[in-house]
Amino acid sequence: MSARDAQNLAYEKGLDLVKIAPQAKPPVCKIMDYGKYKFELNKREKENRKNQKVVNIKEVQLSPSIDTNDFNTKCSHAIKFLKKGDKVKVIVRFRGRELSHSQIGYTLLERFAEQAKEAGSVEKPAKLEGRNMTMFLAPLS
């Protein structure tokens, strides 16, 4: 159908001629109430935004010389965050000469991941970046 005929048909029905696929050969058009179409589209987008889950990243900081009770406390906080559905960024901060013993940080983060495995899994493994070693834990779905 020609564009002029389609436009006349839409005008007779009191509706709008809307291009659905302008890249197609020939372009695909539809006769509809454009205001109602935009309203439905906005309503659908609003519904999708309402159902969307926002994922927060919580941070837990450790040091290589952390004691067992402090470690267990930090781990329980991380497990609580993971059960709530948040991601956890675990950071080991090295100060002074501690940086020369980076393997202590790796073992500490491995122990942390092992203790928190019931609530989350390792998303990004331990990585040394400057004076900090980071690891990301994601909640189990």
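Lys-87 is partly exposed, with a relative accessible area of 25%; buried means under 20% relative accessible area, exposed over 50%, and partly exposed in between (1.4 Å probe, protein chains only). This is a predicted model, in which local features need pLDDT of at least 70 and side-chain atom pairs count only at pLDDT 80 or more, while totals for chains, interfaces and linings use all residues. Residues are numbered from 1 along each chain as its sequence is written, and side-chain values use heavy atoms, with hydrogens and water left out.

Lys-87 forms a salt bridge with Glu-123, with 3.0 Å between the closest N and O atoms. A salt bridge here is a side-chain nitrogen of Lys or Arg within 4 Å of a carboxyl oxygen of Asp or Glu. Lys-87 belongs to strand β4 and Glu-123 to strand β5 (residues 120-129), so the pair ties together parts that are 36 residues apart in sequence. Glu-123 is partly exposed, at 38% relative accessibility. Helices (H or I, at least four residues) and strands (E, at least two) are DSSP runs, numbered from the N terminus.

## The other salt bridges

The whole structure contains 3 salt bridges. Lys-50 pairs with Glu-47, the closest N and O atoms being 3.9 Å apart. Both residues lie in helix α2 (residues 34-51), 3 residues apart, about one turn of the helix. Lys-50 is exposed at 61% relative accessible area, whereas Glu-47 is partly exposed at 39%.

Lys-117 and Glu-114 also form a salt bridge, at 2.8 Å from N to O. Lys-117 is exposed, with 52% relative accessibility, and Glu-114 is partly exposed, with 47%.

## The sheet

An open sheet is formed by 4 strands in the order β3-β4-β6-β5, with mixed pairing. Two strands pair if DSSP finds at least two bridges between them. β3 and β5 stand at the edges with a single partner strand each, so one side of each has no neighbour in the sheet. From one strand to the next the twist averages 20 degrees.

β3 and β4 run parallel and are joined by 6 bridges; Val-60 has Val-90 in β4 as its bridge partner. α3 packs on the sheet and touches β3, β4, β5 and β6, its direction making about 170 degrees with that of β3. α4 also packs on the sheet, touching β3, β4, β5 and β6, and its direction makes about 10 degrees with that of β6. Axes are lines fitted to C-alpha atoms, for helices over the stretch in contact (heavy atoms within 4.5 Å), and angles run from 0 to 180 degrees between N-to-C directions.

β5 and β6 are antiparallel, paired over 7 bridges, and Lys-124 stands opposite Phe-136 in β6. These two strands form a hairpin with 2 residues between them, and Gly-130 in the turn has a positive phi of about 70 degrees.

Beyond its neighbours within four places in sequence, Leu-137 is in contact with several residues, including Leu-82, Lys-87, Val-88, Val-90 and Phe-112.
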